[in-house]
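This briefing goes through a structure at the level of its chains, their contact and the charged pairs. The sequence and model come next, followed by the points grouped by topic.

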Protein chains: 2
Amino acid sequence: MAEYIAPIQRLIEEFRRLPGVGAKTAARYAFATLNLTDDEAARFADAINGVKRDVHKCPVCMGLSSTSGECDICAGEGRDKSVICVVESAKDVMVMEKVRGYRGVYHVLGGSLSPLDNITPADLTVKELLLRVESGEVGEIIVATNPTPSGDTTAAYLARILEPYGITVSRLAYGIPVGGDIEYADEVTLYRAMEGRRSFN
Amino acid sequence: MAEYIAPIQRLIEEFRRLPGVGAKTAARYAFATLNLTDDEAARFADAINGVKRDVHKCPVCMGLSSTSGECDICAGEGRDKSVICVVESAKDVMVMEKVRGYRGVYHVLGGSLSPLDNITPADLTVKELLLRVESGEVGEIIVATNPTPSGDTTAAYLARILEPYGITVSRLAYGIPVGGDIEYADEVTLYRAMEGRRSFN
């Protein structure tokens with residue numbers, strides 16, 4: 001016998017698919033959903049269908065687009081197409097956009113190289129990146145993969161295969177976060193911060 | 001300009017309605033939803049519509065029912081209709097059911113008395129409870145409201161209005177949780193535990 005009546009149990013199972021959601025949280029969410037008005041619940045359900053229906057892949061940067069054509073960034077006036085920031089996931093584009101100030105474009109790899117998980121360059125959008133570079137418009141590639149083993153591997157791999165094109169390839173600086181405390185930084189971060197130290201003059 | 005493209009932003013807003021979900025968690029959920037297959041997302045959306053469509057209020061106990069008639073507990077064979085456990089919310093019924101062993105029925109108040117929030121007996125299903133008691137079948141009412149100020153108020157109120165019917169009205173025991181440590185119990189819980197002490201003989 002299920003603990004909850006069938007329609008609630010079913011919704012709990014669905015909520016449990018979300019990252020970090022266990023049985024108790026899922027039940028809390030399900031009861032909160034039950035307390036929505038009919039209209040609110042219908043809007044919630046439609047928003048879920050909406051992300052599958054209305055979100056497309058941008059044919060240029062492989063990021064997310066709300067149309068079937070180029071995304072707002074790739075199609076945007078005033079974006080510098082000669083600078084490409086390479087990120088692992090479409091979500092990272094939005095994170096980087098919060099920085100403001102960056103006027104270049106992006107390229108979404110769709111993951112990072114990980115031999116253990118059998119993720120090879122063919123699983124990522126490396127080919128599409130090379131095609132963009134070969135078009136001759138690109139002057140700099142900023143690799144913004146995560147500072148994880150697989151992000152590091154990906155960055156090193158990209159630096160190597162982009163070398164023949166004679167363009168600038170850089171990587172985000174890693175170090176002590178602004179507002180962070182040296183006392184609480186882990187040694188790998190400290191090592192990176194030492195390595196990436198900059199002279200005052 | 002929204003941080004995320006419209007369909008994703010919309011889903012994030014919906015997830016933020018859930019209890020305890022902030023902007024970052026909602027974004028995480030939205031991207032996880034985006035990564036579901038079309039079928040999985042459709043099932044998720046339908047489960048949300050399902051709880052609104054398929055969950056009804058039991059006309060006897062005011063709890064949740066998967067049919068428009070009596071819920072499984074009220075309609076269940078072998079349930080003792082002379083004992084009613086009064087709880088604040090429909091979710092509490094399912095929590096109490098986990099205890100097993102309890103063979104009585106329930107009554108869902110739909111909240112607790114709270115003058116500050118303007119919740120009076122008329123906002124709860126007190127009238128429905130009295131009708132059940134007046135039917136003459138009921139021998140004992142177990143009040144299982146939460147050990148909070150409003151739960152306590154509700155319990156005291158119910159004890160008072162049920163007094164004329166001459167039936168047993170009891171309340172759940174409050175005290176040190178099993179496996180708990182006296183050292184870490186707060187003084188209110190300790191006071192309740194002292195007050196509710198039981199003799200060994």
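**Salt bridges and chain contact**

Over all chains, the structure holds 20 salt bridges. The model is a predicted one. Between chain A and chain B, the rule finds 8 salt bridges across the interface.

**Charged pairs between the chains**

- Side chains of opposite charge can pair when their charged atoms come close.
- R17(A) and E40(B) meet through their side chains in a salt bridge, at 3.5 Å from N to O.
- This pair runs between chains: R17(A) lies in the loop between α1 and α2 of chain A, and E40(B) lies in helix α3 (residues 38–54) of chain B.
- R10(A) forms a salt bridge with D46(B), and their closest N and O atoms are 2.8 Å apart.

**Make-up of the chain A side**

- The interface of chain A and chain B also has 9 residue pairs in polar contact, with both residues at pLDDT 80 or more.
- Five elements of chain A each supply at least two residues of the side that touches chain B: α1 (6–16), α2 (23–34), α3 (38–54), β2 (64–65) and α5 (90–97).
- The most comes from α3(A), which gives 16 residues to the side of chain A that touches chain B.
- By residue class, the side of chain A that touches chain B has 25 nonpolar, 8 polar and 14 charged residues.

**Extent of the interface**

- The size of an interface is often given as the accessible area lost when the parts come together.
- Chain A contributes 47 residues to the contact and chain B contributes 46 residues.
- About 4800 Å² is buried between chain A and chain B, and 69% of it is on carbon and sulfur atoms.
- On the chain A side, I48(A), K52(A) and M94(A) lose the most area to chain B, together 13% of what that side buries.
- The copies meet through the same surface, because 98% of the interface residues of chain A are also interface residues in chain B.

**Relation of the two copies**

- Two copies of a chain are related by a rotation about an axis and a shift along it.

**Domains of chain A**

- The domain assignment of chain A gives domain 1 as 6–54 and domain 2 as 77–199.
- Taken over C-alpha atoms, the centres of domain 1 and domain 2 of chain A are separated by 35 Å.

Notes
Residues are numbered from 1 along each chain as its sequence is written. Chains are lettered from A and ligands numbered from 1 in the order in which they are written. This is a predicted model: local features need pLDDT of at least 70, side-chain atom pairs count only at pLDDT 80 or more; totals for chains, interfaces and linings use all residues. Side-chain values use heavy atoms; hydrogens and water are left out. Domain bounds come from an automatic or database domain assignment. Contact means heavy atoms within 4.5 Å. Buried area is the accessible area (1.4 Å probe) that two parts lose on being put together, summed over both. A salt bridge is a side-chain nitrogen of Lys or Arg within 4 Å of a carboxyl oxygen of Asp or Glu. A polar contact is a pair of N or O atoms within 3.5 Å; within protein, one must be able to donate a hydrogen and the other to accept it, and residues adjacent in sequence count only if both atoms are side-chain atoms. Helices (H or I, at least four residues) and strands (E, at least two) are DSSP runs, numbered from the N terminus. Ala, Val, Leu, Ile, Met, Phe, Trp, Tyr, Cys and Pro count as nonpolar, Asp, Glu, Lys and Arg as charged, and the others, Gly among them, as polar.
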